[in-house]
Amino acid sequence: MIRSIVRIFFAEWRKLRRPTLLVGTLGAVAFFSVLVSSFLFLMIDSPQGNGDRGVRITREMLSLSSGATQSFASIGNLLGIIALCVFAAQTAQEYSLGTLRNLLVRQPGRIRILVGKLASMKVFAIIMTLVSAVICIGVSYALAGGKNVSTDLWFNGDGRLEIAKTLLNVYISILGFGIFGMVLGIVLRSPISSISLGVLWLLIIENLVGALKSSTLNWLPGNQLGTIATGGSQNVSYSHALSLSAIYVSATLVIATVLFTKRDVSN
Amino acid sequence: MSNLAISVDDLSKKYGTGLAVSHAKFEVPLGTICGFVGPNGAGKTTTIRMLLGLISPTGGKGEILGAPITSPDKYLSSVGAMIEGPAFYPALSGAENLRVLATLGGFPQERVDELLKQVGLADRGKSKYKTYSLGMKQRLGIAAALLPNPKLLILDEPTNGLDPEGIQEIRQLLRSLADNGTTVFVSSHLLSELELISEYLVMLRKGEVVFAGPIQDLFDQQQPFMIVKTEHEQDLPKIIAIAEGAGHKAHLRDGTAHIEGPAEWSGTLNKLAFESGILLTQLSPQLPNLEETFFELTGEQK
């Protein structure tokens, strides 16, 4: 059982490590990491704000022990959307290319395939998280001096703890988004449909619903996952976001597992 | 252990209200090449999918290499398959695609290079799959099916897209695999090819098995016939009437009369035609072949 899951993991990794996907994804991660970190510091004196949705993040806030990870935490949503696209495409393409039948002939244990694929994509998410963390913290450190932001507290004991906490939170958030992508891939069986629906939901529908009725932000799944990355927000507590996300992710995973194991493979 | 590679009894698959496969029953002995034929939509691919555990039967049972088809994990490690044509990741090379499957199945990676050589793709193994021609894709699909060194090889239209030379190579490959003890279950529209290599045959029509057994038994059930052409096409119905009057089944097909009867009766037919003032321009006694038999049993138009 474990041996076959390990084999599935490495088989999936062969697909994930292909240069077009790995370099392309990490390129996007690097681009957004540089963009958000630069924006945070270069717009520090802007009256329009330098944070998400016009929020002002001051020098004093950036000089705290959490200052090093401020940009990294706020990029969680963007990284999540990238993860959703990758997980959805990797899963749905097995249906659209017809390769799922090859996989199932070589490994008929469908739950094992799901577990092995997910494990491989988790490692991919770890790499995304680490690359983004290094770039965000690096760019922040490079720009801090020029904008009179003190970095004295960034790498002391509290600072390192903040970095570790943020790494974990962003990783959990990315993984949640990715699992939603994987579930969409299984349900819709088409990379384009699953990515479109996922991105439409996160970027348009949740924002519209949230703008119309702000209390719904306490319940919308994308907002919960984004809140986990930032370690909690003014409106939604970290524990609420974490527990609600766990419920959403578990429920969708159960549905996807049942579909994946019971559905005929007829394409 | 049973000497059957495939055994299917009362196997059915229902989609909506229609039966794609209806109470199919057939057996394929170990070490043989078995052709699997039927018109489009006859249920061949559905049957193959059930044999490989990709879809669940609605009823009936089946066994592959002695294990029930409801437990594909018990036999798939000894089965190679290519269903509905080759399916691979376009952005990976041919070799890398095979390595994905070798890793998944726990087969040695060295087997990838051996197989690429065996199917004639050694020099294109590093090229991306999306750059392959249809014939090359087909060869890669066959290589993937051979990865586990299978006891049973199930191939769905393996010669699609291959040139005559490629078809001949595949025929030789299947023959050599069978000679080494591999059972080959192969569906194809190239009936003349199947006739050359198959010892057994399963024929489907509208989801039902219309024949299953040694191919020679099928031919033994069929009547020899004659293909007859007349100087004037309007004389063909008269020839059919003459043949039927003599107790032989006859029908028109493609501007000729097909008349059942042994070759020895051709002289009598020629004489009867001459006496009726009809000049025969062709009178060819034929032995039944798979193509003729297929059209006969499946009711398909040639």
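Which residue is the bridge partner of A81(B) in β7(B)? The partner is I154(B). Before I go on, some housekeeping. This is a predicted model, in which local features need pLDDT of at least 70, side-chain atom pairs count only at pLDDT 80 or more, and totals for chains, interfaces and linings use all residues. Residues are numbered from 1 along each chain as its sequence is written, and chains are lettered from A and ligands numbered from 1 in the order in which they are written.

Two strands pair if DSSP finds at least two bridges between them.

Back to β7(B). Strand β6 of chain B, residues 79-82, is joined to β7(B) by 4 bridges, and the two run parallel. Strand β8 of chain B, residues 183-187, is joined to β7(B) by 5 bridges, also parallel. Between β7(B) and β8(B) the chain passes through helix α5, residues 164-179, in a right-handed β-α-β crossover. Right-handed here means that, with the strands pointing away from the viewer, the path from the first strand over the helix to the second runs clockwise.

How many of the 5 residues of β7 in chain B are buried? The count is 5 of 5, so this strand, residues 152-156, is largely enclosed by the rest of the structure. Buried means 20 or more other C-beta atoms within 10 Å of the residue's own, exposed means 12 or fewer, and partly exposed is in between, with C-beta atoms placed from the backbone. In a regular strand the side chains alternate between the two faces of the sheet. Here L152(B), I154(B) and D156(B) point one way, L153(B) and L155(B) point the other way, and all are buried.

Setting aside neighbours within four places in sequence, R171(B) is in contact with E193(B), L196(B) and I197(B). Contact means that the C-beta atoms, placed from the backbone, lie within 7 Å. From R171(B) to D113(B) is 58 residues in sequence and 21 Å in space, C-alpha to C-alpha.

Next, the other sheet I want to show. This is an open sheet of 4 strands in chain B, in the order β2-β1-β4-β5, with antiparallel pairing. At its edges are β2 (18-29) and β5 (67-68), each with a single partner strand, so one side of each is left without a neighbour in the sheet. Inside the sheet, β1 (residues 4-15) and β4 (residues 59-64) of chain B pair over 5 bridges, and V8(B) stands opposite G62(B) in β4(B).

Two backbone angles are worth a look. Most residues other than glycine have a negative phi. H23(B) is not a glycine, yet its phi is positive, about 50°. H23(B) sits in strand β2 of chain B and is partly exposed, with 15 C-beta neighbours inside 10 Å. K206(B) also has a positive phi, near 45°. K206(B) is in the loop between β9 (200-205) and β10 (208-214) of chain B, and 17 other C-beta atoms within 10 Å make it partly exposed.

Now chain B as a whole. Chain B has 10 helices and 14 strands, and 43% of its 302 residues are buried. An automatic or database domain assignment divides chain B into domain 1 (4-219) and domain 2 (225-286). The centres of these two domains, taken over C-alpha atoms, are 42 Å apart. The C-alpha trace of chain B spans about 75 × 45 × 35 Å along its principal axes.

Last, the other chain. How many residues of chain B are in contact with chain A? There are 26, and they meet 23 residues of chain A. Helix α2 of chain B, residues 94-105, gives the largest share of chain B's side, 7 residues.

That is what I have; I will take questions now.

Technical notes:
Two residues are in contact if their C-beta atoms, placed from the backbone, lie within 7 Å.
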